[in-house]
Amino acid sequence: SDLAYSEVIHGRWAMLGVAGIVAPEILGGMGIIPESTGLVWFTSGAIPPQGTFDYWASPMTIFWVNMCLMNFAEIKRGQDYWFPGSQAETPLLGWEKGFGGSGNPAYPGGKWFNPLNLGKDGMASMQKKEVKNGRLAMMAFLGCMVQAAVTGEGPWKNICDHVSNPFGANMLANFGAIGGSSPF
């Protein structure tokens with residue numbers, strides 16, 4: 001059904017999103033990536049002014065390359081949803097057989113999307129786990145958004161503050177700091 005397919009896709013994006021929210025903050029704090037790029041997630045969405053970061057191309061070039069690549073991927077996903085298995089028939093530089101899929105557009109399979117043939121056994125169990133983890137990630141993303149609005153900090157900083165001072169950095173203390181008394 002449409003809703004089950006949407007839940008799987010949104011869950012996958014949420015899992016990637018939450019990992020993308022937390023990873024730069026942790027890696028920047030550890031010094032693995034430059035601290036200037038280890039930004040909290042809600043400040044990193046803007047296209048930086050030209051010359052601020054040393055990328056391989058201008059920020060607008062990177063933006064448009066990303067737009068074209070994502071457009072290609074989303075069109076292929078949409079075509080596979082509307083016409084399951086049709087991507088194995090559409091000529092694409094000889095790669096079409098790899099896009100053949102499993103017949104279920106939510107789980108494409110094939111040599112490009114499942115090169116190690118994972119899930120050959122117990123696929124139903126893995127699909128159930130993916131949906132559960134996707135639901136958890138969607139709630140985690142909601143938590144990251146509320147937390148950013150209330151504290152103005154990233155999730156890693158907030159968890160570190162909470163671990164170091166559980167009674168001073170918690171939900172009740174944060175609600176008390178946003179201009180009113182706690183609703184609890």
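**A close look at helix 1**

Mentor: Helix 1 has 29 residues and spans 42 Å from its first C-alpha to its last, close to the 42 Å expected at 1.5 Å a residue, where the expected span is 1.5 Å times one less than the number of residues. Helices here are DSSP runs of H or I with at least four residues, strands are runs of E with at least two, and both are numbered from the N terminus. Before going further, keep in mind that this is a predicted model, in which local features need pLDDT of at least 70 and side-chain atom pairs count only at pLDDT 80 or more, whereas totals for chains, interfaces and linings use all residues. Residues are numbered from 1 along each chain as its sequence is written, and side-chain values use heavy atoms, with hydrogens and water left out.

As for the setting, the protein chain has 6 helices and 0 strands, and 22% of its 184 residues count as buried; buried means under 20% relative accessible area, exposed means over 50%, and partly exposed lies in between, with a 1.4 Å probe and protein chains only. Among contacts (heavy atoms within 4.5 Å) between residues at least 6 apart in sequence, 45% join residues at least 24 apart.

Within helix 1, the buried residues are Tyr 5, Val 8, Ile 9, Gly 11, Ala 14, Val 18, Ile 21, Glu 25, Ile 26 and Gly 28. An α-helix has 3.6 residues a turn, so residues three or four places apart point the same way. The buried residues of helix 1 pack against helix 2 (59-82), helix 4 and helix 5, and these partners can be taken in turn.

With helix 4 (residues 123-151), the axes come within 7 Å and cross at roughly 50°; axes are lines fitted to C-alpha atoms, for helices over the stretch in contact, and angles run from 0 to 180 degrees between N-to-C directions. Helix 1 and helix 4 are therefore oblique to each other, on a scale where angles under 35 degrees count as roughly parallel, over 145 as roughly antiparallel, 65 to 115 as roughly perpendicular and the rest as oblique. Their crossing is left-handed, a term used when the near helix is turned anticlockwise from the far one by less than a right angle, with clockwise giving right-handed. On the side of helix 1, the residues that meet helix 4 include Glu 7, Val 8, Gly 11, Ala 14, Met 15, Val 18 and Ile 21, and those they meet in helix 4 include Glu 130, Val 131, Gly 134, Ala 137, Met 138 and Cys 144. The residues of this contact divide into 11 nonpolar, 4 polar and 4 charged, where Ala, Val, Leu, Ile, Met, Phe, Trp, Tyr, Cys and Pro count as nonpolar, Asp, Glu, Lys and Arg as charged, and the others, Gly among them, as polar.

Ala 137 lies in helix 4 and is buried, with a relative accessible area of 8%. Leaving aside neighbours within four places in sequence, Ala 137 is in contact with Ala 14, Met 15 and Val 18, while its C-alpha atom is separated by 8.6 Å from that of Leu 16, 121 residues apart along the chain.

The axes of helix 1 (residues 2-30) and helix 5 (residues 155-164) come within 8 Å and cross at roughly 70°, which makes helix 1 roughly perpendicular to helix 5. Ile 21, Val 22, Glu 25 and Ile 26 of helix 1 make this contact with Pro 155, Trp 156 and Lys 157 of helix 5, and the residues involved divide into 5 nonpolar, no polar and 2 charged.

Helix 2 is packed against helix 1 at an angle of about 155°, with their axes 13 Å apart, which makes helix 1 roughly antiparallel to helix 2; this crossing is right-handed. Here Asp 2, Tyr 5, Ile 9 and Trp 13 in helix 1 meet Met 70, Glu 74, Arg 77 and Tyr 81 in helix 2, a contact whose residues divide into 5 nonpolar, no polar and 3 charged.

Finally, consider the end of the helix. Leu 27, found in helix 1, is partly exposed, with a relative accessible area of 29%, and, leaving aside neighbours within four places in sequence, is in contact with Ile 32 and Ile 33. Just after helix 1, Gly 31 takes a positive phi of about 85°.
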